[in-house]
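Me: I'd like to learn how to read strands and charge pairs in a model like this one. Can you walk me through it?

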Amino acid sequence: MPAIRHLPTEESADLIALTREIAAKELAPRVADAERTGEFAREVFTTLGRAGLLTLPYPEEFGGGAQPYEVYLQVLEEIGAVWASVGVGTSVHALSCFPLFSFGTDEQRARWLPDMLSGELLGAYCLSEAHAGSDPAAMRAKAVRDGDAYVLSGAKAWTTHGGKADFYTVMARTSDDGARGISCFHVPAGVPGLEFDEPEDKMGLMGSTTATVRLEGVRVPADHLIGREGQGLSIALAGLDAGRLGIAAVATGLAQGALDTAVAYAKEREAFGKAIIEHQGLAFVLADMEAAIVSARATYLAAARLKDAGLPYGREASVAKLVATDNAMKVTTDAVQVLGGAGYTRDFPVERNMREAKVMQIFEGTNQIQRLVISRHLAR
């Protein structure tokens, strides 16, 4: 059953209702085929953008929804409950807009943000490299100043929407000064030298294209630098706190969708003369799944409320990402178990949910990195 939500305003309750309607009408009928074939449903993001759902936490003056993170994340959860690939894509798009909104000039924001926030343009976030995932300061992609432009070269790995996005937020090295030598750039799609490898053949999230982005002498005007030279890593890390909350919300939705499938099946499937949900051994498994989801939801909402209040929330974002994604892995695995042999087939979505949950323990900082972040906060 859909989560019961305590929302701050009538408008936010309407947004949840709108999200559920779009998810039921536009997402649910397509998800199974798209995930089976690897189709990238670009028009879905346009639909979400035109409905005002794509970038809710940004101000209205730029085309955003001016909603608190508490509301935005619950919208993300509703999307993730139906189609995890779209939930992840929505979170990544918001993350790709964050540097420009938070560190761009007034002229840059006025020029680019309205189309980025409307859904007409879809973004990608280029931070990781093949040898620099958990340690982004080890990146090697370079940006060299050449007159009134920068020339970018190198490769960015694991890019969500790679080859499909309309703009790329790219972190590249402008000096050899370690973590202080990285800068952030806005790179439009279609510029000469911007190339893409074949999409990764992944375990799950097949409806979300992931590819290596290659920068073969990509030339962008100097005013495409976001923030100052050398500020890129701090910009990236600031954005990742919010990105981790997005993934926590999507993971919670993924788990909720798996639980809903498991409960519906357990009410209909009979064994020993009664529905299997009436057998205590299985009923307790479902109860534990519910407890895990409610706990995950509480952690991401607690972090979101700190963010909305302007308070530090980095530790809480790591807790939320850790708890929500570990719980999603457990819940989706248990959902397969509840369905038994049927759960191991593609006749039901829980096998796909289980494969989708795994990567959520890995991206936006592995859960080992989240434990490192949390423990360092405790040490301070």
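This is a predicted model: local features need pLDDT of at least 70, side-chain atom pairs count only at pLDDT 80 or more; totals for chains, interfaces and linings use all residues.

Me: Which strands are joined to E4 by bridges?

Reply: Two strands pair if DSSP finds at least two bridges between them; strands here are DSSP runs of E with at least two residues, helices runs of H or I with at least four, numbered from the N terminus. E1 (residues 123–126) runs parallel to E4, with 4 bridges, while E5 (residues 182–188) is antiparallel to E4, with 7 bridges. Threonine 169, for example, sits opposite histidine 186 in E5.

Me: Are the faces of E4 buried or exposed?

Reply: In a regular strand, side chains alternate between the two faces of the sheet. In E4, Phe167, Thr169, Met171 and Arg173 on one side and Tyr168, Val170 and Ala172 on the other are all buried (under 20% relative accessible area with a 1.4 Å probe, protein chains only; exposed is over 50%, partly exposed in between).

Me: What does arginine 5 form a salt bridge with?

Reply: Side chains of opposite charge can pair when their charged atoms come close. Arginine 5 pairs with glutamate 77, closest N and O atoms 3.1 Å apart (the cut-off is a Lys or Arg side-chain nitrogen within 4 Å of an Asp or Glu carboxyl oxygen). Glutamate 77 counts as buried, at 2% relative accessibility.

Terms used: Residues are numbered from 1 along each chain as its sequence is written. Side-chain values use heavy atoms; hydrogens and water are left out.
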